[in-house]
There are 2 protein chains.
Amino acid sequence: MTKKIVIIGGVAGGATAAARLRRLDEESHIVLIERGEHISFANCGLPYYIGETIHDRQKLLVQTVEGMKQRFNLDIRNLTEAIEIDRNHKKIKAKNLITGEVYEESYDQLILSPGAKPIVPPIPGINDANVFTLRNIPDTDKIKSYVDNKKPNHVTIIGGGFIGIEMAENLVDRGLNVSLVEKGDQVMGPVDPEMAAYVHQELSAHGVELLLQDGVKSFEGINVILESGKRIETDMTILSIGVKPESTLAQEAGLEIGNRGGIVVNEHLQTNDESIYAIGDAIEVQDYILKQPTMVPLAWPANRQGRIVADNIYGGDQSYPGTLGTSIVKVFDYTVATTGVNEKRLKALDIPYQTVHIHPGSHAGYYPGAEQMAIKLLFSPDGDIFGAQIVSKKGADKRIDVIATAIKGGLSVRDLPNLELAYAPPYSSAKDLINMAGYVATNVLDGDVEIIHWDEIDQAIHDGEVLIDVRNPNEYEKGSVSGSLNIPLDELRDRLDEIPKGQRINVMCQAGLRGYLASKILWLNGFEVRNVDGGWKTYSTANGIDTKIVIG
Amino acid sequence: MTKKIVIIGGVAGGATAAARLRRLDEESHIVLIERGEHISFANCGLPYYIGETIHDRQKLLVQTVEGMKQRFNLDIRNLTEAIEIDRNHKKIKAKNLITGEVYEESYDQLILSPGAKPIVPPIPGINDANVFTLRNIPDTDKIKSYVDNKKPNHVTIIGGGFIGIEMAENLVDRGLNVSLVEKGDQVMGPVDPEMAAYVHQELSAHGVELLLQDGVKSFEGINVILESGKRIETDMTILSIGVKPESTLAQEAGLEIGNRGGIVVNEHLQTNDESIYAIGDAIEVQDYILKQPTMVPLAWPANRQGRIVADNIYGGDQSYPGTLGTSIVKVFDYTVATTGVNEKRLKALDIPYQTVHIHPGSHAGYYPGAEQMAIKLLFSPDGDIFGAQIVSKKGADKRIDVIATAIKGGLSVRDLPNLELAYAPPYSSAKDLINMAGYVATNVLDGDVEIIHWDEIDQAIHDGEVLIDVRNPNEYEKGSVSGSLNIPLDELRDRLDEIPKGQRINVMCQAGLRGYLASKILWLNGFEVRNVDGGWKTYSTANGIDTKIVIG
């Protein structure tokens, strides 16, 4: 029997499902309903078209309606809105947005891939100001046309998530002065504050005015009035405070909706109506590690889910194992990447964890072009990997993918030293960053070294503990923790008598390695000692030294 | 009790072991004996110093003798050769190469890290010609000085392994004309011929004269005479046909030596004398996947082994799980990376396997700078990953590390689509290369598509099978398999009546994806059909179209 499958939503997941469905059956009737004009467009590329890194608008249209119709023999209805699902009669009501015609379409299976939409709060004056959101091609055209034609001098970006940060970079590239307002105490929510600090540094270094712990109270003509009372004169505003799932249609049809407003599905991505599947930004997924409901509006899950649903409709028994939340963003010269659970979340859930920070080079130091990296690795007391966060000018994407793969392979931090990664001088080191992170984490788990974290140091010094900085004097002079004592590592064995006996010693170096060596020497000489995790690099960055931030 | 540990060999593994031993015990007496002047130098960087990518010779000296003595409190004896091991009395005899003094040194544990040395066959005339090998700093100084001062015009490189290829690139960078002579029918032994073909292409494109299936018969003055009779007038010769383990000392001491001349160790890296450990290029290791003895002279295993041995000497119970052989090399603008077992080896061992080739972009095509990749994935009929080979101008290092990690995590090709890798347009695609490879491999395993390989096509056509090329005419015209029929994918459904019934059809596209879609359409319409794995890209490259090679 020929199936009739209706898909609501023609971007990412919906388009993937349609293509896969056709590969499984030449005869089925596949109806793809899309409210917008375009299907399967490059939504992750939109900021770069505005920034003119991508010059050709055509490139955003990965698949055209005509091309996809032809290749996959699909019945595509763009500029058509699904307005009702009649589950009893297995049909939907659709409205042609050009003609206004409303008609019914029956289905054997229905796939909901409606996506999410930008959150736009009812801020006073918002309708009279030049406020833009960015989600689709028309949004993009509006923003680009405004920048091209009105030649604005200043933009205010509200919200420091992926879109906010990418827009900051791209509008700086277009010559605009950028103010970025973020309600939280850091941008890039998925990473922890000391890692977001690199982003703050980089945004600030490129002239972005960073206003944290502040929000918009109102728009007044050309002014954005912040909750702090600060007033920003601006030519345009990008509102990028987050998205919410487009789940109204599903809700009205009586499908189960989760606390966060997402459509609830089982592991086969079926809703509580077995003929209706749902995928993409609109659904609630399981956190791969925590096994709790979450919402992760990213492209990879949407595509993966589209494929799984198509297979399951044709008799497959595939499960979606949950979302790890691997994500990455370019921030000017830096790359920020993360996978798994962050420390904020582990703390909030009261889950025992450990974390280490290290800063090796992206490849062998003797080969030109190596860049210092920053990696934070999070793991359980048993060594299970919770997640990682990596920032660098080079190689962050590679290392986060290795960690994401290690997690899916069920590897522990103790396995990371055994990962046999590809080494030649232009690419890596004989002990790669990931091997090193594994060594350091294993040392911590085994009690081979005790560590103190960046956010515990000031208190320790306040409590009268000793901090020995084992860097060389020329490094120490460039910046150090006040109250620390400078004894270079290579002099340590000869100067042990300068170190106070009978009290806890903390040692710090630039990035953690020499501090580790020093702590071993001290420990083997009978001192109680802790190494400063991540060294001066983590401490100074986390404390925002040299970064200009306005706090609301 | 204070231990005394003697280490023979102060590069890679030996230096790593020494440093780790000190971190485990401040009191032990650690003697590091090194025949050369330098310890812990950057052996992987040597070609790049000759090529002047690395300008500062000091950078090759990762650790100086003085620096390492100071930091790790080591008793370093460089320019000293170990000439005998007296296992009964647990002591060695060492010779100071400056003074000629011979003395004894006792040990509680002995670590052998002697490395390997270049193979130099007794070719007639070799002693009278300007023949160089490259293994250490003095070798490097000799070659660089010759290039700097004699300003040679032409170099002949014998052997197309890592060193040969890196020297080819670096000497081209120095303005030399390069002839590369390789005994086999391909360079880069660790990869299979169709992947080495990219290297041939790249070497050839950069003016390297490539002479395959040929060897050196003799050196006659300024001429290298090849076995084929060809005569190359040359100013210098680099001999890089491989290395052999420096296992004579071990052998003379009655330690077990394997068939390949490597020192035999157990999983704890102990020789048949429990007080003597051996690591690095001189030992026989287990192939991680095949569980057979092999020798892999690479930096990562040496370093990893050095660490394990140090831990085991101090009561640890760590095993070395064998070597996967992950390796990578820069070849001008290309990167060639491999991990695991190649097809040649699987064939030779008669192990059932399957392989797929795909060619996606290194990142989203709409974002500038994406490069086409070539990946070959090898797997068992159960989906276990045997290995992968990747060539690209961008992103090969990342993807090989992901595969190497997947192997260590015990993942199957069926798990690769579930790897949640980091996607943003500058880094990847929503379905990354690795996801795609997993999909394609799974399709093959599930019989969702049948494939035909690049080396089976000519025979199939010879046997009268039909080959339909589903590329667009403008692509088809640029090069195609003679005898193929061109029906573009998007016209296929309308032109099914042109396709002969009742016989097997093969379909080909540029890189395999459209061929897959076409084969699904044909299969679902009742044809028996195979898709050409890797499409025209794999076929044309493997067949060396546009590559100039001289066959001996």
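A salt bridge is a side-chain nitrogen of Lys or Arg within 4 Å of a carboxyl oxygen of Asp or Glu. By this rule, 10 salt bridges cross the interface of chain A and chain B. One of them pairs Asp397(A) with Lys398(B), with the closest N and O atoms 2.9 Å apart. The model is predicted: local features need pLDDT of at least 70, side-chain atom pairs count only at pLDDT 80 or more, and totals for chains, interfaces and linings use all residues. Residues are numbered from 1 along each chain as its sequence is written, chains are lettered from A in the order in which they are written, and side-chain values use heavy atoms, without hydrogens and water.

The contact (heavy atoms within 4.5 Å) takes 79 residues from chain A and 79 residues from chain B. The two chains bury about 7200 Å² between them. This is the accessible area (1.4 Å probe) lost on being put together, summed over both parts. Carbon and sulfur atoms give 56% of the buried area. In chain A, Trp300(A), Tyr366(A) and Glu420(A) lose the most area to chain B. Together they make up 12% of what that side buries.

Polar contacts were also counted. These are pairs of N or O atoms within 3.5 Å; within protein, one must be able to donate a hydrogen and the other to accept it, and residues adjacent in sequence count only if both atoms are side-chain atoms. Across the interface, 37 residue pairs are in polar contact, both residues being at pLDDT 80 or more. The side of chain A that touches chain B divides into 38 nonpolar residues (Ala, Val, Leu, Ile, Met, Phe, Trp, Tyr, Cys and Pro), 22 charged residues (Asp, Glu, Lys and Arg) and 19 polar residues (the others, Gly among them).
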